[in-house]
Amino acid sequence: MFLLGAVDWSRRLFDSLIPLPDGTSYNSYLICGSEKTALLDSVDPSMADVLLPQITNRAKIDYIVSHHAEQDHSGSIPMVLEKYPDAKVVCTTKARGMLMDLLHIPEESFHAVEDGSTLSLGTKTLEFIYTPWVHWPETMVTYLREDRMLFSCDFFGSHIASSNMFVVDKGRVHEAGKRYFAEIMMPFRDVIGKNLEKLKKYDIDMIAPSHGLIYDDPAWIMDAWRDWVFAPPKNLVVLPYVSMHESTARMVDHLTSKLVDNGVRVELYDLTVTDIGKLAMSLVDGATIVVGTPTVLAGPHPLAAYATFLANALRPRARYLSIIGSYGWGGKTVETLSAMIPNLKVEVIDPVLCKGLPTKEVFAAIDVMADTIAEKHREQGFS
């Protein structure tokens, strides 16, 4: 097995949406059997000029395995096919149509495989395992039987640019992996859980993802994913907020202090400066979400609305939600935000809104909110 691909040190935004503080990599792998050769995934089209020289001296590539149709993995396949026109693109039946749509690869170039089917390279055997919704519907992974290696594409991936091939700093990779899970995989937690169970029957000595570093000790990252998928929420309140004239900020500070006094951990995110990836990571664990917002043009501040939209899209396992904030003359902040969370299966705790600066009565209401949250966390046994 050879690691090919490209390290993208300078990329700082993915899909025009996701922050990449550590860059990323597009991993491609070459597996040479005694009879056939397979290239597993390609790279983002912007870095095709890095991948193509790595395969220039290959006399033949028989198969190009496409685990996932998204262009950061598949986008250079047409250029590889130009060099090796007889190669067959191996993918799931659903991916075939998607790749034809996205990249205009001709239908005759495909070899679609079913779940559990195998492909012999001679001395190497590839087994293909369907893993739908990790994180698109057509995804699969490849198990190299003789070497007990799992080529997992986005499964267990992380956005890290590094000169290392294998994981050296587990702490750094754990954080990057959690960010990756939170931003990309969390909405599909339930079906990912089924795919994790599906992998249990395989003896896996190494995991080679298509983003990030190779795991030569894969048990810990698989355990981390099981925690993110299956474990109950933590005794944590996630509190994204924005304040215009300090009224909401004072409420946020008071709620935070009262929650901490009640033994509840709090993570605050000032939405004017926060990294949405950090917020997403907190949503993996938080049992309660409280949105803090002033009223702007009779509704929530746009940044608070965006945070609420993000939480609804990511579908975290939070159990409770509430709102605190201020207004000048009136509005429909609570109604607007409440309508934005149809995907969240949460109990709504009575919001606390105040006119102008918070008063003693407002702070007392916040105390009740904090006590209520703490009691509910204790009842659920969150730790």
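User: Which residues of E11 point the other way from Met-140, Thr-142 and Leu-144?

Analyst: A friendly note before we start: this is a predicted model, where local features need pLDDT of at least 70 and side-chain atom pairs pLDDT 80 or more, while totals for chains, interfaces and linings use all residues. Residues are numbered from 1 along each chain as its sequence is written, and side-chain values use heavy atoms, with hydrogens and water left out. Strands (E, at least two residues) and helices (H or I, at least four) are DSSP runs numbered from the N terminus. Met-140, Thr-142 and Leu-144 point one way from E11, and the residues pointing the other way are Val-141 and Tyr-143.

User: How many of the 5 residues of E11 are buried?

Analyst: Buried means under 20% relative accessible area and exposed over 50%, with partly exposed in between (1.4 Å probe, protein chains only). Strand E11 covers residues 140-144 and is largely enclosed by the rest of the structure, because the number of its residues that are buried is 5 of the 5.

User: Which residue in the turn between E11 and E12 has a positive phi?

Analyst: Two strands pair if DSSP finds at least two bridges between them, and E11 meets strand E12 (residues 149-153) in the antiparallel sense over 3 bridges. Across this pairing, Thr-142 has Phe-151 as its bridge partner, and Leu-144 stands opposite Met-149. The two strands form a hairpin with 4 residues between them, and the turn residue with a positive phi, about 50 degrees, is Arg-148.

User: Which strands are the edge strands of the open sheet of 5 strands?

Analyst: E11 also runs antiparallel to strand E10 (residues 125-130), with 5 bridges joining them, and Ile-129 has Val-141 as its bridge partner. The order of the open sheet is E9-E10-E11-E12-E13, with mixed pairing. Each edge strand pairs on one side only, and these are E9 (118-120) and E13 (206-209).

User: What arc do the buried residues of H1 cover around the axis?

Analyst: Helix H1 spans residues 48-55, and its buried residues include Ala-48, Leu-51, Leu-52 and Ile-55. In general, an α-helix has 3.6 residues a turn, so residues three or four places apart point the same way. The arc is taken over the directions from the helix axis to the C-beta atoms. These four lie on the same side of H1, because their arc is only 100 degrees.

User: Which exposed residues does the face of H1 turned away from its buried side carry?

Analyst: Contact means heavy atoms within 4.5 Å, and what covers the buried residues of H1 includes strand E1 (2-8), strand E4 (24-32) and helix H3 (77-83). The face turned away from that buried side carries the exposed residues Asp-49 and Pro-53.

User: Are the rings of Phe-181 and Trp-225 stacked or edge-to-face?

Analyst: Rings of Phe, Tyr and Trp (its six-membered ring) pair if their centres lie within 6.5 Å, with planes under 30 degrees apart stacked, over 60 edge-to-face and the rest tilted; the count is 10 aromatic pairs. Phe-181 in helix H5 (residues 170-185) and Trp-225 in helix H7 (residues 219-230) tie together parts that are 44 residues apart in sequence. Both Phe-181 and Trp-225 are buried. Their centres are 5.3 Å apart and their planes at 80 degrees, so the pair is edge-to-face.

User: How far from Cys-153 is the nearest cysteine sulfur?

Analyst: A disulfide is a pair of cysteine sulfur atoms within 2.5 Å, and the structure holds 0 of these. Cys-153 counts as buried because its relative accessibility is 3%. Cys-153 is in no disulfide, and the nearest cysteine sulfur, that of Cys-91, lies at 12 Å.
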